[in-house]
Structures are given as C-alpha cells and as structure tokens.
Amino acid sequence: ETGICTVTLEEDRFRSNLLYLPAGAVLFLLWLGIGFELIEPIIEINPIVLLLLGSPLVYNGSKFLTENYIFPDNKIAYGPCPSCEAENRVYFGNILGVEGFGEVASVKCGNCKEVFNVQRSTLRASTVPKA
C-alpha cells in the first residue's frame, strides 16, 4: 500500500459549451441590432430570417473569440475526490490572460480538505503522498 488513491475524472462537455455563451450572446445582439438597422431601411426582412442568416457568423465568431481570447486552451473536468468521493471540478486553461492550471492541477477537496493532483492529458487524479 503506497497510501496514494487515484481516480479518473471526466471532461465536462456541458460546462465547456457554456463558455461560448458570453461571446455568443454579445455577437448575437450586435448582429441583430446592426443588421436590423442597416438592412431594414433598404429591404423589409423578417428578424427571424435575419437571425438565420447570421447564425453561422455568430457561431464562428463566438467560437473564435472564446477559444483565442476569453478562455484559451480550456478544459473542464469533473469527478470524485480520490479520498472521500465528493464531486469536484477542475478548470484547465487561462481566463482573459490570467494563467490557470497548465498540465497539472493541484486541487483541495471542499469536503475532506485533502489536496490531490489532476493530470490534464489523462484526467487522472491522485492524492499527494503524506510525508
């Protein structure tokens, strides 16, 4: 017995997709407002058609802004604590230029206060050996 407990976390795709929401909402409102103001005087068009025409631009724009500027190199993982099995979340990557966890995240469980490390590449979590 080494005294080191390990578990494998899973990638949280739902929360990863939510990261695109702020840029998407801003671009959506900009497209609708500017598009309606520029196109409406020239041609009467239904706002729903305007949204459908702009959806690829909003999607690609929000993806570009999120992945390159707001949350570059992001990955969100969730899973049980290796010691007490309470659910924890880990965010890898930067947020608006503020550096976050890189390849290894050192996380403290909110339930048992045990510190464990999570590898970004394998999402393998293991407790820190006691000295």
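**Strands and their pairing**

Let me start with β3 and strand β4, residues 87–92: 6 bridges join them, and they run antiparallel. Strands here are DSSP runs of E with at least two residues, while helices are runs of H or I with at least four, numbered from the N terminus. Two strands count as paired if DSSP finds at least two bridges between them.

A word on the source. This is a predicted model, where local features need pLDDT of at least 70 and side-chain atom pairs count only at pLDDT 80 or more, whereas totals for chains, interfaces and linings use all residues. Residues are numbered from 1 along each chain as its sequence is written, and side-chain values use heavy atoms, with hydrogens and water left out.

Back to the hairpin of β3 and β4. Between the strands lie 6 residues, and in this hairpin E85 takes a positive phi near 65°. Within the pairing, A77 has V90 of β4 as its bridge partner. A77, in β3, is also the bridge partner of E11. That takes us to strand β2, residues 10–11, which is joined to β3, residues 75–80, by 2 bridges, again antiparallel.

Next, the open sheet. In what order do its 4 strands come? The order is β1-β7-β6-β5, with antiparallel pairing. β1 (6–8) and β5 (104–108) stand at the edges with a single partner strand each, so one side of each has no neighbour in the sheet. From one strand to the next, the twist averages 25°; axes are lines fitted to C-alpha atoms, for helices over the stretch in contact, and angles run from 0 to 180 degrees between N-to-C directions.

Last, β1 and strand β7, residues 124–127, run antiparallel and are joined by 3 bridges. T8 has R124 in β7 as its bridge partner.
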